[in-house]
Amino acid sequence: MSFTLAIVGRPNVGKSTLFNRLVGKRLALVDDQPGVTRDLREGAARLGDLRFTVIDTAGLEEATDESLQGRMRRLTERAVEMADVCLFMIDARAGVLPADRVFAEILRKKSAKVILAANKVEGQAADAGLIEAYELGLGDPVPISAEHGEGMADLLQVLTPVA
Ligand code: GDP
Ligand code: MG
């Protein structure tokens with residue numbers, strides 16, 4: 001059985017970096033797939049011996065008439081509906097920001113199955129943010145560095161029971 005993982009979180013936390021790492025060159029072109037727009041990129045992911053579908057909530061940064069908050073809410077709700085499990089990412093260097101709490105609230109309201117990941121943990125600048133992440137009440141954060149590939153074994157471990 002395979003599953004679908006949606007990566008959600010505010011702009012700039014590193015969602016697309018993780019998406020690209022999981023998908024590598026196996027990026028599915030989603031433009032002509034029904035129900036999936038450019039706002040939600042879908043790819044075939046590989047992590048250890050796991051194969052799954054991963055969704056990146058892209059498009060939050062594009063300028064539109066819709067407020068960022070409205071866009072975050074709408075895209076995140078759609079991603080949650082498409083996914084079996086959500087990877088909610090925060091930037092441990094930035095710490096927990098008000099926008100992160102908005103996401104946590106959306107995920108709680110939707111009763112989504114959530115894996116909390118604290119990204120950018122390479123080096124010590126992330127220590128305080130990692131501790132703050134516990135405040136979100138979404139369980140223990142998985143410390144990762146999407147850019148440097150750290151924490152991927154831990155991510156594999158929390159994803160394996162989902163598969
Ligand atoms: P998104 O907006 O959530 O999709 O974030 P991106 O994947 O576009 O990344 C935003 C910025 O964070 C980029 O400059 C990335 O290079 C950087 N970034 C992503 N992952 C890491 C990481 O693990 N460590 C550090 N230091 N920077 C990262
Ligand atoms: Mg992105």
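Predicted model: local features only at pLDDT ≥ 70, side-chain atom pairs only at ≥ 80, totals over all residues.
Residues are numbered from 1 along each chain as its sequence is written, with chains lettered from A and ligands numbered from 1 in the order in which they are written. Local features need pLDDT of at least 70 and side-chain atom pairs count only at pLDDT 80 or more, while totals for chains, interfaces and linings use all residues; side-chain values use heavy atoms, leaving out hydrogens and water.

In soluble globular proteins, nonpolar side chains tend to be buried together. A nonpolar core is here a set of buried Ala, Val, Leu, Ile, Met, Phe, Trp, Tyr and Cys residues joined through side-chain atoms within 4.5 Å, where buried means under 20% relative accessible area, exposed over 50% and partly exposed in between (1.4 Å probe, protein chains only). The largest such core holds 28 residues, and Ala6, Phe88, Ile90, Leu107, Leu116, Leu136 and Leu138 touch the most other members. Two or more residues each come from β1 (4-8), α2 (68-82), β4 (85-91), α3 (98-109) and β5 (114-119), these being DSSP runs numbered from the N terminus (helices H or I, at least four residues; strands E, at least two). Helix α3 gives the largest share, 5 residues. Apart from this core lies another, of 25 residues, which includes Ala45, Phe52, Ile144 and Leu159. As for Leu138, contacts (heavy atoms within 4.5 Å) beyond its neighbours within four places in sequence are made with Phe88, Ala104, Arg108, Val114 and Leu116.

Oxygen atoms of ligand 1 lie 2.8 Å from a polar side-chain atom of Lys15, 2.9 Å from a backbone N or O atom of Ser16 and 3.0 Å from a polar side-chain atom of Lys120. Taken alone, ligand 1 exposes 580 Å², of which the protein buries 75%.

Where does Thr57 sit? Thr57 is found in strand β3 (residues 50-57), and is buried because its relative accessible area is 3%. A polar atom of the Thr57 side chain lies 2.9 Å from the backbone oxygen of Ile7. Leaving aside neighbours within four places in sequence, Thr57 is in contact with Ile7, Val8, Lys15, Asp39, Leu40, Leu75 and Ala79.

Note on methods
Polar contact = N/O pair within 3.5 Å; in protein donor to acceptor, adjacent residues only side chain to side chain. Areas by Shrake-Rupley, 256 points an atom, 1.4 Å probe, with all protein chains shown as cover.
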